[in-house]
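This briefing walks through a single protein chain, from its overall form to individual residues. Please keep the sequence and the structure in view while reading.

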Amino acid sequence: MLTPIPDRCPHCQSKRITLVEYSYDDPNHYDGVSEIQCKRCKKRFGRWSKKELAPGEAEKIYGGNT
Ligand SMILES: [Zn+2]
């Protein structure tokens, strides 16, 4: 199920991204990166789904495809 973590923003292609790991008490916790945040366009993307996350939305573990 491992997919490569993008090295740039899927939206604006900026490499100024932050890789976010959810905390252990988060229901979507995964032992690794779950979310990509772009410092340039401020958008958030799921590590697996590659989809833009709405405010407050979390990337489900494995993109919800378990
Ligand atoms: Zn971006």
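Two residues are in contact if their C-beta atoms, placed from the backbone, lie within 7 Å. By that criterion, and leaving aside its neighbours within four places in sequence, R47 is in contact with I5, V33, S34, E35, I36 and E59. The model discussed here is predicted, and its secondary structure comes to 0 helices and 3 strands, which follow the pattern β-β-β when read along the sequence.

**Overall form**

- The protein chain has 66 residues, for which a compact globule would have a radius of gyration near 11 Å, and the value of 11 Å found for the chain therefore agrees with that expectation.
- Along its principal axes, the C-alpha trace of the protein chain spans about 30 × 25 × 15 Å.
- Of the 66 residues in the protein chain, 18% are buried.
- When contacts in the protein chain between residues at least 6 apart in sequence are considered, 34% of them join residues at least 24 apart.

- The 3 strands form an open sheet in the order 1-2-3, and their pairing is antiparallel.
- Strand 1, covering 17-20, and strand 3, covering 44-46, are the edge strands of this sheet, and each of them pairs on one side only.
- Neighbouring strands of the sheet are turned against each other by 25 degrees on average, with direction ignored.
- In general, strands of a sheet pair through backbone hydrogen bonds, either parallel or antiparallel.
- Strand 1 and strand 2 run antiparallel and are joined by 4 bridges, and within this pairing the bridge partner of L19 in strand 2 is I36.
- Strand 2, made up of residues 35-38, pairs with strand 3 in the antiparallel sense over 3 bridges.
- On the side of strand 3, I36 stands opposite F45, while E35 stands opposite G46.

**The nonpolar core**

- Which residues make up the largest nonpolar core? This core consists of C9, I17, I36, C38 and F45, 5 residues in all.
- As a general background, nonpolar side chains in soluble globular proteins tend to be buried together.
- I36, a member of this core, is also the residue that stands opposite F45 in strand 3.
- I17, another member of the core, is in contact with R8, C9, I36, Q37, C38 and K39 once its neighbours within four places in sequence are left aside.

- R47 lies in the segment after strand 3.
- Is R47 buried or exposed? R47 counts as buried because 22 C-beta neighbours lie inside 10 Å, and the cut-off for a buried residue is 20 or more.
- R47 and E35 are 12 residues apart in sequence, and their C-alpha atoms are 5.0 Å apart in space; E35 is also among the contacts of R47.

**H29, in the loop between strand 1 and strand 2**

- H29 lies in the loop between strand 1 and strand 2, and its 14 C-beta neighbours inside 10 Å are the reason why H29 counts as partly exposed.
- Leaving aside its neighbours within four places in sequence, H29 is in contact with Y22, S23 and Y24.
- H29 and F45 are 16 residues apart along the chain, and a distance of 15 Å separates their C-alpha atoms.

**Residues with positive phi**

- K42 lies in the loop between strand 2 and strand 3, and the hairpin of these two strands has 5 residues between the strands.
- Although K42 is not a glycine, K42 has a positive phi of about 70 degrees.
- K42 counts as exposed because 10 C-beta neighbours lie inside 10 Å, and the cut-off for an exposed residue is 12 or fewer.
- Y62, found in the segment after strand 3, is a residue other than glycine whose phi takes a positive value near 60 degrees.
- With 16 other C-beta atoms within 10 Å, Y62 is therefore partly exposed.

Definitions and conventions. Residues numbered from 1 in each chain as written. Predicted model: local features only at pLDDT ≥ 70, side-chain atom pairs only at ≥ 80, totals over all residues. Pairing = 2+ DSSP bridges. Axes fitted to C-alpha atoms, helices over the stretch in contact; angles between N-to-C directions. Core = buried A, V, L, I, M, F, W, Y, C linked by C-beta atoms within 7 Å. Rg over C-alpha atoms; globule rule 2.2 N^0.38 Å.
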